[in-house]
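Biologist: I have a model open and would like to go through it with you. Can you show it first?

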Amino acid sequence: MQHLIWGVLLFPLAGFVVNTLWQRLRGDAVAWIGPGSVFLAFICALGCFAWLQGQSEATRYADEIGWRWALAGQFRLDFGLQLDTLSSTMSLIVTGVGFLILVYATGYMSGEHSFTAGRDGYRRFFSQMDLFIFTMLLLVLADNYLWLLVGWAGVGLTSYLLIGFYFDRPSAVKAARKAFVMNVIGDWGLMVAIFMMFILFGGVDFRTVFSHAHTLPFNGTVITVMCLLLLVGAVAKSAQLPLYTWLPDAMEGPTPVSALIHAATMVTAGVYLVARSYPIYQQSPIGLHTVAFIGAIGTIFAAGLGLANNDIKRILAYSTMSQIAYMFVGVGVAVYSAGIFHLLEHAFFKALLFMGAGAVMQAMHEELDIQKMGGLKSRLPFTYWTFLIGVLAIIGTPGFSGFFSKEDVIGAAYARASHGDPVLWIVWALAVITAGLTAIYMFRLFFLVFHGQSRDPGLAAHAHDPQPSMRIPMAVLAVLSVVGGWISIPGVYNEMEAWLSSTLHRYPVRGPALVPQPFEPVSLILTLAVTLAGFLVAWQIYYRRSPSPQRVASMAPGLYRFMAHRYYVDELYELLIVRPIKVAASALNRFFELDFVDATVDFAAAAVTWSSRRMRVAQTGYVRNYALAILFGAVLLVGYYFTGLGR
Amino acid sequence: MTPGPEHFLVLSAILFSLGTLGVLVRRDPLIMFMSIELMLNSVNLTFVTFSHYLSSADGQMFVFIIITVAAAEVVVGLALIVSIFQTRHAVDVDELDEMRG
Amino acid sequence: MNGVESVVFWIAAISAVVSGIGVVTARSAIYSALSLIVTLAQLAVLYLLLNAQFIAAAQILIYAGAVMVLFLFVITLLGVQDLGFMGQHLPGQRVLSVLFAGVLLLGVVFFVAQSPHAITGARAGFNAQLDRGNVEAFGSQLFTVFVFPFEATTLLLIVAMIGAVALGRRRGRQQS
């Protein structure tokens with residue numbers, strides 16, 4: 001039954017191939033193949049999950065070897081898949097949530113959303129989404145770093161393709177390019193880390209690397225560098241500081257893309273990478289701390305950005321960045337189960353929120369500016385209630401899924417900080433403060449969109465709830481956003497930690513102990529208090545409107561402008577990085593490309609022309625000349641034999 | 001002196017060289033063609049010589065084939081010459097220089 | 001061979017060379033053709049001296065009888081023109097031709113002179129069959145050992161016929 005893992009990987013690939021090669025597929029067929037292939041993959045993932053449940057703790061994994069891929073001297077690499085609790089969890093998320101989003105997309109993408117410069121947008125969308133799911137699964141299921149990198153690059157590619165889906169829009173094309181370039185920086189980090197692994201351990205498959213990771217000097221330079229390089233990759237892929245600016249721009253893509261790739265799955269790949277590489281990170285506390293701090297700073301940084309933004313999708317993008325930063329905190333304090341737990345729950349409610357945003361956009365004729373919305377509660381009741389569930393989940397309302405996972409993370413930081421790692425108090429503090437900020441900006445969004453007076457009645461005139469194909473997935477995710485967290489209550493029955501322990505204890509490690517963290521009531525109460533305070537602030541300003549939002553903004557105009565312009569980070573990058581590169585590139589072009597490379601190529605062509613002009617003289621056109629040439633050759637042959645040379 | 005194989009072979013060589021010169025030096029295509037026939041015949045003589053002095057039938061067989069092929073070649077070649085030069089007034093092989101360059 | 005045969009050889013050989021020169025140097029194509037016929041006849045005589053009676057007969061019948069007649073037909077069809085004796089304007093052609101042909105000739109002569117003893121032997125005992133007559137001996141080889149080339153040349157003749165018909169067809173609408 002564990003062999004079903006191949007089905008998980010190959011069904012979406014088949015879906016991609018069919019959707020791509022069969023140019024004349026009609027819309028309904030595409031709508032079945034796209035989500036259908038992912039559904040089949042989900043079934044297979046469930047099968048693998050069940051199989052794992054049936055195994056004992058010590059043997060709760062399966063190394064599925066496919067075929068020998070490379071053999072060079074001592075280096076040997078097979079194409080294989082790793083089925084363990086971590087990869088099973090990730091594959092279930094990818095296929096399950098992916099399936100729901102694809103069903104949603106069959107409704108959302110029909111109609112004007114598919115109209116692009118190409119005529120077959122609907123089919124192209126689903127084939128690219130299938131490709132994405134395939135590469136994402138390859139990333140999480142691979143049993144070695146090389147194929148993980150292949151999946152890594154693959155999701156980068158499909159992300160580029162899907163962000164630039166509306167390729168006749170210059171802004172979309174720019175955003176796609178930006179995402180890809182930043183991702184490549186991450187790819188570089190990951191690649192160099194893999195090179196290091198090859199040099200240090202002689203192989204890049206998990207077994208080899210993880211069994212030998214603890215032989216390197218603890219907290220030494222080498223292992224820390226490896227951790228940091230992996231982190232570069234994770235930061236780029238997960239849109240954390242400082243490589244995050246591509247994520248808000250990525251909202252140029254269709255909303256289902258934003259839901260799947262830039263919320264639930266691809267951007268979580270960085271978290272997966274750190275969690276998977278735990279033997280390496282355990283060996284370097286400095287590396288772990290770096291991860292935690294990037295998470296902690298990132299979470300509050302992104303929350304601030306969400307506070308002053310007016311674009312519904314971009315606010316959700318910043319919230320994604322912030323929540324992923326929470327996951328980084330979780331894995332950074334070496335409580336990997338907390339990070340993965342939040343990853344799971346986040347997938348539910350973030351996908352739900354994006355679906356809701358898509359419904360709102362569809363109702364408001366693609367309008368993104370929340371300042372033009374308002375009063376949509378009465379017009380879109382279904383969307384209203386599901387969106388509310390999502391908001392409650394994300395801020396960590398007790399009982400909802402986000403509550404359990406976020407408390408898991410924050411509590412983990414508290415526990416580590418109080419048990420011998422005091423520097424982590426900063427991390428904990430930032431995480432708690434951000435919980436409050438999250439409540440503020442999420443409810444700001446909620447109130448501005450759904451409550452109050454409609455600020456643009458003309459736009460909202462024909463607003464209505466979306467069609468069933470979109471509503472059903474939203475409903476499913478809403479349910480999951482409520483009950484999904486009950487599977488594991490940290491401190492009471494930490495099911496997530498137990499589930500992942502079989503993976504986390506497979507290899508010998510040093511560093512922070514990988515045991516369930518104790519329940520921390522102090523942290524819980526403080527977090528809830530801050531969250532409630534945040535909700536009340538948002539209630540006061542954006543619902544009761546006293547003081548009104550405009551007055552609040554005018555109270556600190558400089559700060560407000562700073563935040564509204566996204567801290568001017570984009571401009572900073574443009575100045576420090578982009579422009580020098582462009583200058584260097586054009587200089588190289590002028591002095592190297594044109595004068596040297598082009599000159600060489602032109603010279604080669606000229607040489608050929610010159611020589612052929614000289615040799616053309618021999619082609620006189622006269623038969624007798626040619627006959628003479630033949631005779632000449634015959635004479636040479638005769639001479640060769642008759643003068644003894646040929647003996 | 002009594003003619004032996006070498007005499008026949010030298011005669012054959014002389015005829016062959018004459019034929020070669022004819023092909024290279026003359027401009028009338030028909031004369032060129034006939035020079036080629038002369039070359040073929042010199043080779044025939046060589047073959048028959050060897051057949052006789054080595055007491056083997058192979059040489060004569062070859063001659064048989066050569067004669068047949070030469071006949072076929074003459075037929076086709078003359079047809080070609082006729083069709084090329086039919087429309088021209090001068091019969092000069094040097095006028096066929098379209099393949100120049 | 002005996003004395004009569006020697007004399008016949010020398011006469012035939014010298015005549016062949018002289019008429020060969022005639023083929024190459026004749027001013028008009030008709031003279032060239034007639035010289036070639038003489039050459040072919042001399043060669044037939046030489047074949048008889050070498051006990052190849054069938055080949056000699058074939059030479060006369062086919063070569064001199066059919067092929068040369070065809071040549072004469074074409075020559076009269078195309079018209080005979082005097083292009084000027086060996087006139088040419090290709091630079092170096094004449095000199096180089098004579099040079100290379102001469103080298104070729106000297107090479108062959110040199111080689112032949114070097115090894116006079118190698119060209120004897122009784123290979124397949126072909127000459128012994130001559131008491132039956134050259135034609136019968138020739139035929140017995142042709143239709144047994146060499147039957148494949150025989151059939152192949154048959155095919156070749158058919159192809160040549162088709163080719164000649166195709167080439168000789170008058171292409172309609174063409175101005176002549």
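Modeller: What follows is a short talk through the chains, their contacts and a few residues.

Biologist: What kind of model is this, and how are residues numbered?

Modeller: This is a predicted model, where local features need pLDDT of at least 70, side-chain atom pairs count only at pLDDT 80 or more, and totals for chains, interfaces and linings use all residues. Residues are numbered from 1 along each chain as its sequence is written, while chains are lettered from A and ligands numbered from 1 in the order in which they are written.

Biologist: Start with chain A. Which helices and strands does chain A come to, in number?

Modeller: Chain A has 25 helices and two strands. Both are DSSP runs numbered from the N terminus: helices are H or I with at least four residues, strands are E with at least two.

Biologist: What box do the C-alpha atoms of chain A fill?

Modeller: Roughly 110 × 65 × 50 Å, taken along the principal axes.

Biologist: And how much of chain A is buried?

Modeller: Buried residues are 51% of the 647 in chain A. A residue is buried if 20 or more other C-beta atoms lie within 10 Å of its own, exposed if 12 or fewer, and partly exposed in between, with C-beta atoms placed from the backbone.

Biologist: What about contacts in chain A between residues at least 6 apart in sequence?

Modeller: Of those, 80% join residues at least 24 apart. Two residues are in contact if their C-beta atoms, placed from the backbone, lie within 7 Å.

Biologist: Pick a helix pair. How do α5(A) and α6(A) cross?

Modeller: Helix α5 of chain A covers residues 145-163 and helix α6 of chain A covers residues 170-201; their axes come within 8 Å and cross at roughly 175 degrees. That makes α5(A) roughly antiparallel to α6(A). Axes are lines fitted to C-alpha atoms, for helices over the stretch in contact, and angles run from 0 to 180 degrees between N-to-C directions. Angles under 35 degrees count as roughly parallel, over 145 as roughly antiparallel, 65 to 115 as roughly perpendicular and the rest as oblique.

Biologist: Which residues meet there?

Modeller: Among them are Leu149(A), Trp152(A) and Tyr160(A) in α5(A), and Phe180(A), Asp187(A) and Leu190(A) in α6(A). By class, this contact has 16 nonpolar, three polar and one charged residues. Ala, Val, Leu, Ile, Met, Phe, Trp, Tyr, Cys and Pro count as nonpolar, Asp, Glu, Lys and Arg as charged, and the others, Gly among them, as polar.

Biologist: Where is Pro254(A), and is it buried or exposed?

Modeller: Pro254(A) is in the loop between α9 (246-249) and α10 (255-264) of chain A. Pro254(A) counts as buried because it has 23 C-beta neighbours inside 10 Å. Its C-alpha atom is 8.2 Å from that of Met109(A), 145 residues away along the chain.

Biologist: And Val483(A)? Where is that one?

Modeller: Val483(A) is in helix α19 of chain A, residues 468-483. With 13 other C-beta atoms within 10 Å, Val483(A) is partly exposed.

Biologist: Now chain B. What pattern does chain B follow along the sequence?

Modeller: The pattern is α-α-α, with three helices and zero strands. The radius of gyration of chain B is 17 Å, well over the 13 Å that the globule rule gives for 101 residues, so chain B is more spread out than a compact globule. That radius is taken over C-alpha atoms, and the rule is 2.2 Å times the number of residues to the power 0.38.

Biologist: How much of chain B counts as buried?

Modeller: Of its 101 residues, 58%. One buried residue is Val23(B), with 24 other C-beta atoms within 10 Å. Val23(B) sits in helix α1 of chain B. Leaving out residues up to four places away in sequence, Val23(B) touches Ala627(A), Met32(B), Ser35(B) and Ile36(B).

Biologist: How many residues of chain A and chain B are in contact?

Modeller: Ten from chain A and eleven from chain B. The chain A side has five nonpolar, three polar and two charged residues.

Biologist: What about chain B with chain C?

Modeller: That contact takes 61 residues from chain B and 73 from chain C. On the chain B side, α3(B) gives the largest share, 19 residues. The chain B side divides into 39 nonpolar, 17 polar and five charged residues.
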